[in-house]
Amino acid sequence: MLENVARFVATLEGFAPLLLQGVWVTLKLALLSLLLGLIFGLLGAGAKLSRVRAWRVSAQVYTTLIRGVPDLVLMLLIFYGVQTAVSRLTAVMGWAYLEIDPLTAGVLTLGFIYGAYFTETFRGALLAVPRGQAQAAKALGMKPSQSFIYITFAQMMRFALPGLGNNWMVLLKATALVSIIGLADLVKVAQVAGKSSQQLLSFLLLAGLIYLLLSSASNAVLRWLERRYGGAKQEAQR
Amino acid sequence: MIELILEYWRPFLYSDGQQITGLAMTLWLTSASLCLGLLVALPLSIARVSTRSWVRWPVQGFTYLFRGTPLYVQLLVCYTGIYSLAAVREQPLLDAFFRDALNCTLLAFALNTGAYTTEILAGAIRSMPRGEVEAARALGFDGWKLYTYLIMPSALRRSLPYYSNEVIFMLHSTTLAFTATVPDVLKVARDANAATFLTFESFGIAAAMYLCITFALVGLFHLAEKRWLRFLDPSR
Amino acid sequence: MKKLVLMLSVLASVVVSNWVSANNYEVIRFGADPNYAPFAYKDNTGTLVGFEIDIGNAICAHLKVRCQWVESDFDGLVPSLRAGKIDAILASVTVTEARRKIIDFTSEVFSSPSAMVFKAGTDLGDAKGKSVGYLQGSTQEAYAKRVLAIQGMKVVAYADQEQVYADLVAGRLNASLQDAQQAQSGFLRSPQGAGFELGKVIESELMPSMSAIGIAKGNQALKTLLDQGLAALHADGTYARLQEQYFPGVDMFSGN
């Protein structure tokens, strides 16, 4: 058993640069998808709470479809579908071909999927902000955009934090799925390293350990954020 | 599209002539994993809220491990990783167990959902009103009886909304089964795609099937909540 | 709000900065499945290498274009080609009638028949109940499903060839069905292939031997370019050199 561990540590040095690259790809993918998802989420929440029926219906279709279909199926559909659509668009418009590399495709896919989950979170959070706040802002003469940014949005983030945190944890683990559509993330790199060195289990356990560390780090950051900004949740959690 | 459906409706639904595939396999994976996970989670959740730290910590470690790592990694470890160990292959019982792809998949899924369900139930147990527990104690309920008649039924009810999320999550996670050669709906869709190259149609059918099952499950849980969580309904 | 616009424009510029003019082929994007040693695989440093990789690079050098390699699971290659993610597939894709309906092929790259691999001494005469593994989306899959399954064998599909071998070695499979040369060079000669043997070559119209580069239907321009490249490889001896390097003593080109 101990010689196995020693042997593993020895091969690890050889594969360290590759593994670090995989971790970096995973992090990039997760963070960029988070960004895109937040954008989609805000837009979706706005659409869901809009007075225009068409926006409400489209947003409802968006969230229902995405949350009702498994991530992997969506990834496969979007991965091939988006590229086909873009190719057709560029062909029709006469532009030069627009390349979408695997990382971009992964970010677009995950961002789009988790945008639906963030929509629900933001919607709940927006509704939790007392209406009186927005009304007071109006009474004080603030423009609608100012009222949104400084009053509603700022307070909404407090309520949204727990939901966003949970979704981030799920997103972090969902990045493991993109190895199935070919992106060289941590899981794929661990598999490649493990297969060529005949120590597959050790490398998989190492990948799991790295994910565990990332989850713990995220948890710590989220707890800090909640302590700093999450006044509402703390009151309810006595 | 029509030819696709005509040729693949049977594998998509229940069988490809050799083994159970498609919808039947997906439903089997989902329900078996959830049942096993629930069985595991019932005692573990009680341990999780125990005041004795030597009881609590192993369970906490278990849930920390399985909730902090991706299910895909867990599946890979169970399917390819464990079986690559000579020690496992030499032991006849272990060898027979891990040789079958379905066993490995169910093991990984059950452990994963067991960890999440443990946390859900533990949270529900903790959220039980103290007054009820004190009243039960005053009436002479203690230990085993207290849990069986009071705490667990209440915890199970309170966890329904969160558990419904977990059930949907498990359904969606079964799409990973094809990486361990278990033929579920997604695998049949990939087969159809490989044979006919109709990517959108093949995966679209799979997506539609998952959507229907999800709706059915959400509807079922709605009914369940209406029945069993009536006592918590604020509008009454 | 400003930050939002900034982030959106950063995202847009990342996408736009990858513009490639594919019309006059300054770059040829080849799709490959890196789990098929020695045709295409990854070495210790994670670099893509192999017989077909070298052929592709040599063609690009001759045509004076840049080669870009895109990795994918085998059964994702044709959808990728049709979606426009890649220009050509160089991944031991056998030429079959079913595939010809969807994509076009260049002239031959190599020819190699299929055969089974199993533990030395296994008697596969009694096929019932024995399990055989294969690569999903390959011609071996068609054969396995239409012939072997009818004979009573349990047929199991895998996302990549390496997993087939892993399960064969582990004992989950009794046999695996794949390209004979790939089995010989990519598995039987490696340490994990010890104790396994290659069965008889299987002749079947479901599993033709000739393999070529797959291109999008109607892409005559690329077909001409690639055919030129392939012919040049034979003319200047590069093909013979690579063949000797990866498959010493074996003739991989049937000349059809």
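Reader: What makes residues of domain 1 of chain C count as in contact with residues of domain 2 of chain C?

Author: This is a predicted model, and contact means C-beta atoms within 7 Å. By that cut-off, 14 residues of domain 1 and 15 residues of domain 2 of chain C are in contact. Strands E2 (35–36) and E6 (88–94) of chain C each give two or more residues to the domain 1 side. That side has six nonpolar, five polar and three charged residues.

Reader: How do you know which residues of chain C belong to which domain?

Author: The bounds come from a domain assignment, automatic or from a database. Domain 1 gets 23–112 + 210–246, and domain 2 gets 114–202. Their centres, over C-alpha atoms, are 25 Å apart.

Reader: Why is the set of 102 residues called a nonpolar core?

Author: A core takes buried residues such as Val, Met, Leu, Tyr and Ala, joined through C-beta atoms within 7 Å. Helix H4 (residues 102–128) of chain A gives the largest share, 12 residues. Leu76(A) touches Ile181(A) and Phe203(B), leaving out residues up to four places away in sequence. Another core, of 68 residues, lies apart and includes Ile89(C) and Phe187(C).

Reader: What is the make-up of the side of chain B that touches chain A?

Author: Here 27 residues of chain B are in contact with 25 of chain A. The chain B side divides into 17 nonpolar, 10 polar and no charged. H12(B) supplies the largest share, nine residues.

Terms used. Residues are numbered from 1 along each chain as its sequence is written. Chains are lettered from A and ligands numbered from 1 in the order in which they are written. This is a predicted model: local features need pLDDT of at least 70, side-chain atom pairs count only at pLDDT 80 or more; totals for chains, interfaces and linings use all residues. Two residues are in contact if their C-beta atoms, placed from the backbone, lie within 7 Å. Helices (H or I, at least four residues) and strands (E, at least two) are DSSP runs, numbered from the N terminus. Ala, Val, Leu, Ile, Met, Phe, Trp, Tyr, Cys and Pro count as nonpolar, Asp, Glu, Lys and Arg as charged, and the others, Gly among them, as polar. A residue is buried if 20 or more other C-beta atoms lie within 10 Å of its own, exposed if 12 or fewer, and partly exposed in between; C-beta atoms are placed from the backbone.
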